[in-house]
Amino acid sequence: MATMAQAIRLALHYGEENLGVTDVFGEDVGPPLGGVFTCTQGLRTAWNSPLDERGIVGMATGIALAGGRPVAEIQFCDYMFNAIDLLKLAGNASWGSNGAYHLPMVVMTPVGSGIHGSMYHSHSVESVLTHIPGWKVVMPSTPLDAYGLMLAAIEDPNPVFFLPPKALLRTKGEEPIPGEPEDARELHNRIDAPLGDRSQWKPDWPEVGRHLVPIGKAKRMREGRNATVLTYGRLAPVCLEADKQLRAEGFSFDLFDLRSLVPLDWDAIVASVSRTHRLLVVNEDTEVTNFGEHLIRGVIDRAFGELEAAPVLCAGADVPGIGMAWSLEAASVPQLPNVIAAMRALAVAPAREAGGRGFLELPTRLARYR
Amino acid sequence: MDTSLELRIHALMVGARVLEEQLIAMTRSGDGYFWIGGPGEEAFNVPLGLLVHKGEGPAFDYLHLHYRSSATLLAMGAAPIDTLRQMRSVATDPYSGGRNFVNHYARHDWNVVPVTPTIEVQYAQAIGTAHVQRRAGGEGITIVNGGDAGAAEGDFATSLVWSSRPGQELPILIVVANNHYGISTEQRTQWAMSDIASRAEPFGIRHARVDGCDPRASYAAIAEAMAYVRAERRPFCLQADVSRLHGHSSSTGGGLVAERDGLLEYEAALIAEGKLTGEQAAAVWDERRRALKADLETVRGEPFPDPSTIHAHTFYEGEVR
């Protein structure tokens, strides 16, 4: 099975050959490195740019304005903050020109913690990026979804943020990419650049096929009854493991990997909450003005009467960075025990009684799920 | 330069000046909220507009303009009434449908990309259209126009670095219209250098400085710079020293300030050279003013945007263009 990094590379290769991708670029994106996470090795249109995030976003915008189809990489999402107004301008080009222009561009940037990234290689940015209207935002948690979401992002006529979780880039999935060799060793030999001198190396691409994950469709990872759990990115496999362990205690959860944060699959979310009557959102970001708050508000707007307990957000601690020491990282970003504790607490919380005075007060802070 | 072109430039400069004066008047008559524009830049901007290879797609010139570029648009053939429409924020505003400030153009059929009120970002975006044109070949170039204040931002350095990458040089004309102010702050109090274009020197980018109040000198300088960029497919940085005749914007009152007026100088020169009489000059002004008054009456009868359209174009739904 391909890793997520290989899946992204295969998707970009497919995009170059079949979807009109003209430029895959960014710092260290071209040869010899092919990306610090290897996502762009061997690609025909990949090139290295100056270390200049504003220039990278501006270049992508200009390419799209002139009819090209760029995929730009910001090496770590943590480096994106100095480009925020250029991102805003890309998001408002269509609306502000009353539809005269639109920008088919993808900005790919690895997100999240889990790689001992310390203060400036561990950010979560979905709360910031979903606050830039005009952009679609997708985040895969498996290689196959990364492949399908990247193809969908390339095909979309709007700017799309593609946010692979750093900690999952080297993980393998359970579902193959169409056309992927069965033997992982064979795939490695064909498309991974060798160590050392790469000047003569060329990839031997497999014939990968078209597989799109529609932007705006959540994936129901597990079906269950005790609560709806909404997550995405690195914590999707963590929630799967939590659900597995809690099933041994007799609990089960309706578990969704949202995959697309803009637009959201409200139909699937509301249908699930209407069955389970409880909602937990799990993500890595700091808890204040967290995207999960938007999810909770959206459920309250659409299905308030269905909720029998206060919705819960299990998110990162509201601290300025992720600590370098593992003990500090684990104390600031939800880990498996925290997620299990949050899911169990919500499952066993007494239901709000009909005609009762209000919702139960549940702990929402990470520190309480110990 | 033949006399017919000189007179055409004069008429366009007058048209642009009268348009800007009309826009300022509209802030006072309740026909608009905020004005920002380019009176004082006509002597540079009209020649620029006349020299553009106008069209759609990489074979033609891309324009990354700033909000003082009204004269460039008019010289390219834009209808003055459309700027009144944007000033009044009516639904017929062809540049933004009533969504953006005045003088914030966007015209896909002329490669005029959306103008933004952030004064530096066009330097970072322009490298992208130029990159596509480098690959496409031909004669199409990218023209990016900003000011001295915006050139203090990192995006100006971005344009210099990215347009001169060895072996990847871009066909881009980088213009700095130096009006010597950033809102109220004088450039000389913030910059140790006055020749901003010379920042291109260490990048190996050819550069020049021109009197942007002199339309004939500007025409020649722009033509020379464009010819180089079109043929050599390499960047050129051109500084034009211009005036800012009505201050930064309506936020500073929009009143006339005592600065050099390239239009009046040029008109006097044409009269002294026997190419134009005082009566003929006055007639040009009168005709433009009359036409604009009629345009304003038309625009006053046009509807404001329907609030139900507020979400339109947040996302583009059609085929990729």
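The structure is a predicted model, in which local features need pLDDT of at least 70 and side-chain atom pairs count only at pLDDT 80 or more, while totals for chains, interfaces and linings use all residues. Residues are numbered from 1 along each chain as its sequence is written, and chains are lettered from A and ligands numbered from 1 in the order in which they are written.

Chain A is assigned domain 1 (4-191) and domain 2 (219-368); such bounds come from an automatic or database domain assignment. The centres of these two domains of chain A, taken over C-alpha atoms, are 27 Å apart. Between them, 24 residues of domain 1 of chain A are in contact with 22 residues of domain 2 of chain A, contact being defined by C-beta atoms, placed from the backbone, that lie within 7 Å. On the side of domain 1 of chain A that touches domain 2 of chain A, the elements giving two or more residues are α4 (126-129), β5 (136-138) and α5 (143-155) of chain A. Helices (H or I, at least four residues) and strands (E, at least two) are DSSP runs, numbered from the N terminus. The largest share of that side, three residues, comes from β5(A).

Chain A also holds an open sheet of seven strands with mixed pairing, in the order β2-β1-β3-β4-β6-β5-β10. Two strands are said to pair if DSSP finds at least two bridges between them. At the edges stand β2 (46-48) and β10 (260-262) of chain A, each with a single partner strand, so one side of each has no neighbour in the sheet. On average, neighbouring strands of this sheet are turned by 20 degrees against each other, direction ignored. Strand β1 (residues 23-26) of chain A pairs with β2(A) in the parallel sense over three bridges, and Gly26(A) stands opposite Asn48(A) in β2(A). Helix α2(A) packs on the sheet, where it touches β1, β3 (70-73) and β4 (106-108) of chain A, and its direction makes about 175 degrees with that of β3(A). Axes are lines fitted to C-alpha atoms, for helices over the stretch in contact, and angles run from 0 to 180 degrees between N-to-C directions.

The largest nonpolar core has 194 residues, of which Met150(A), Leu280(A), Met343(A) and Leu173(B) touch the most other members. Such a core is a set of buried Ala, Val, Leu, Ile, Met, Phe, Trp, Tyr and Cys residues joined through C-beta atoms within 7 Å. A residue is buried if 20 or more other C-beta atoms lie within 10 Å of its own, exposed if 12 or fewer, and partly exposed in between, with C-beta atoms placed from the backbone. Helix α1 (residues 3-28) of chain B gives the largest share of this core, 10 residues. Domain 1 (4-191) and domain 2 (219-368) of chain A both contribute residues, so the core lies between them.

In chain B, helix α4 (residues 80-88) is mostly covered, with seven of its nine residues buried. Its cover includes α1, α3 (70-76) and α9 (278-300) of chain B. Just after α4(B), Ser89(B) takes a positive phi of about 60 degrees.

How values were computed
Contact = placed C-beta atoms within 7 Å.
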